[in-house]
Each structure stands twice: as C-alpha cells, then as structure tokens.
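Biologist: Can you take me through this one? I would like to start with how a helix length gets checked.

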Amino acid sequence: MADLRNSIRTALLGTLCLAALPAQAEIRPNFVEKTYAVTGTTGAALYRSIGERGPAGKSGAGRAVARTDFDLKWGRDYVRDGDACVLKAARSFLTITYTLPEPAGPLPPDVARRWAAFIAGIRAHEAVHGRYVAEMAREIYDTTVGFRQENDPGCTAIRDAIQAPLKQAYARYRAKNRAFEQSEMARNGPIHRLILELVQ
C-alpha cells in the first residue's frame, strides 16, 4: 500500500511539473500558392519563358524560376510584474507564399512528363525555404516569450528590447537560406540537374 501511495505521489508530482512548463507555441503557417503562366511545347521553350516571366530575383538581378515570400506578424501579451514588464504570450500570424511556373497550355506527353518531374523538384526546393521561415518564427517565439524587462512598468522599453533576438533570428534564417540556395543552384546541383532534364 505504501508503494502504491508513493507511486501516486510521484505521478502527481510529475503532472504538476509538466503543468508548470510553458506551453509551446503552435506555428501554423497559412500557405498560399501563386502561379505565373509560361508558354511553349518543348522543355527549352518553357525554360526560356520562365526566364522572361519568372518572379524578379530578391537581389533585383534577373528572374527566378520560383520564389518563396512570407508575411509574419505577432500578437503579444505584455504583463506587469512589479516594476518590470514580461512578455507573457505571443501568437504568430504567418503567411508563406510560393510563386511557381505553370504551363499556359497542354504539353506533348514526353514534355509533360519532364515538366511534372521538374515542377515537383522546384516545389520541394521552395518547401525547404518555407520550412526555414517556420523555424525562424519558432525561434522568435522561443527567444522572446518570457522576456523580462526591468524598470519598465509601462511596458514600453520591452518592445525595443525584444528587437535584438528578432534580428538575430532573421539573420540566422537568411544565412541558412542563402547557404541552401547556393548549394542547390551550384553547377551539377539539384536545380541545375532539374533544368538540364527539362530542356534535354
């Protein structure tokens, strides 16, 4: 009987400890897919049309095959704790938009097959960019919720103070994104191979 009481006490203690842990935010992006029309009935013609109509590159130079954009906003709950202010909770409002090419008309069977493989690879590539955005949002949540600013009873200074971890998370996102893009776009890399297989 004593062993049973000890087991129940241990189980209750474990439950209380779990209840004391902060709940993890659910980062639930809203995904939007946009397309732009490309023309041609050969792989080479389709790729040429991508070069003419694709979304402008983020650096402003040239056009990309596809692009991932995002819009991230936050709802934040600040609470006073004596003379301090604490960011008690945050809710993310994240929209990730993929812009992808789409043939304007039907394609010959062999070209349609190669296009299907090409666009599947491009979609998978952009999905990695989208995952990096969601990971950035998670990092922002993890590094800001619970943030405490002393001597801030009006909860004004804290709004500037949390900008530092936001900027750090964004810088890490950009570095990871850039490294992935360089690896994928390198000669004989995955994107280069997709293009060669399309235009063969």
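Modeller: The expected span of a helix is 1.5 Å times one less than its number of residues. Keep in mind that this is a predicted model.

Biologist: What should the 23 residues of α5 span, and how far apart are its end C-alpha atoms?

Modeller: They should span 33 Å at 1.5 Å a residue, and the end C-alpha atoms of α5 are 32 Å apart, which agrees.

Biologist: Which residues of α5 are buried?

Modeller: Pro 165, Leu 166, Ala 169, Tyr 173, Asn 177, Phe 180 and Glu 184. The buried residues of α5 pack against β2, α3, α4 (157–161) and α6 (190–199).

Biologist: Back up a bit. How many helices and strands are in the chain?

Modeller: The protein chain has six helices and four strands. Along the sequence the pattern is α-β-α-β-β-α-β-α-α-α. Of its 200 residues, 35% count as buried.

Biologist: And what share of the contacts comes from residues 24 or more positions apart?

Modeller: Counting contacts with a separation of 6 or more, 66% are between residues 24 or more positions apart.

Biologist: Now the inside. Which residues have the most contacts in the largest nonpolar core?

Modeller: That core has 18 residues, and those with the most contacts inside it are Leu 72, Trp 74, Leu 94, Met 136, Ala 137 and Ile 140. Two or more residues each come from β2 (67–81), β3 (84–103), α3 (109–144) and α5 (163–185).

Biologist: Which element gives the largest share of this core?

Modeller: Helix α3, with seven residues.

Biologist: Take Ala 137. What is Ala 137 in contact with, leaving aside neighbours within four places in sequence?

Modeller: Ala 137 is in contact with Ile 27, Leu 72, Trp 74 and Leu 94. There is also a second, separate core of 17 residues, which includes Leu 46, Ala 66, Trp 115 and Ile 119.

Biologist: Let's move to helix α2. Which of its residues are buried?

Modeller: In α2 (residues 43–53), the buried ones are Gly 43, Ala 45, Leu 46, Ser 49 and Ile 50. They cover an arc of only 165 degrees around the axis, which puts them on the same side of α2.

Biologist: Which exposed residues sit on the face of α2 turned away from that buried side?

Modeller: Arg 48 and Glu 52 are the exposed residues on that face. The buried residues of α2, by contrast, pack against β1 (30–38), β3, α3 and α6.

Biologist: Are Trp 115 and Phe 118 buried or exposed?

Modeller: Both Trp 115 and Phe 118 are buried. They are three residues apart in helix α3, so about one helical turn separates them.

Biologist: Which residues do ring pairs link into a cluster?

Modeller: Phe 70, Tyr 170 and Tyr 173. Tyr 173 is also one of the buried residues of α5.

Biologist: Last one. Where is Gln 200, and is Gln 200 buried or exposed?

Modeller: Gln 200 lies in the segment after α6. Its relative accessibility is 63%, so Gln 200 counts as exposed.

Note on methods:
Residues are numbered from 1 along each chain as its sequence is written. This is a predicted model: local features need pLDDT of at least 70, side-chain atom pairs count only at pLDDT 80 or more; totals for chains, interfaces and linings use all residues. Side-chain values use heavy atoms; hydrogens and water are left out. A nonpolar core is a set of buried Ala, Val, Leu, Ile, Met, Phe, Trp, Tyr and Cys residues joined through side-chain atoms within 4.5 Å. Buried means under 20% relative accessible area, exposed over 50%, partly exposed in between (1.4 Å probe, protein chains only). Contact means heavy atoms within 4.5 Å. The arc is that of the directions from the helix axis to the C-beta atoms. Rings of Phe, Tyr and Trp (its six-membered ring) pair if their centres lie within 6.5 Å; planes under 30 degrees apart count as stacked, over 60 as edge-to-face and the rest as tilted.
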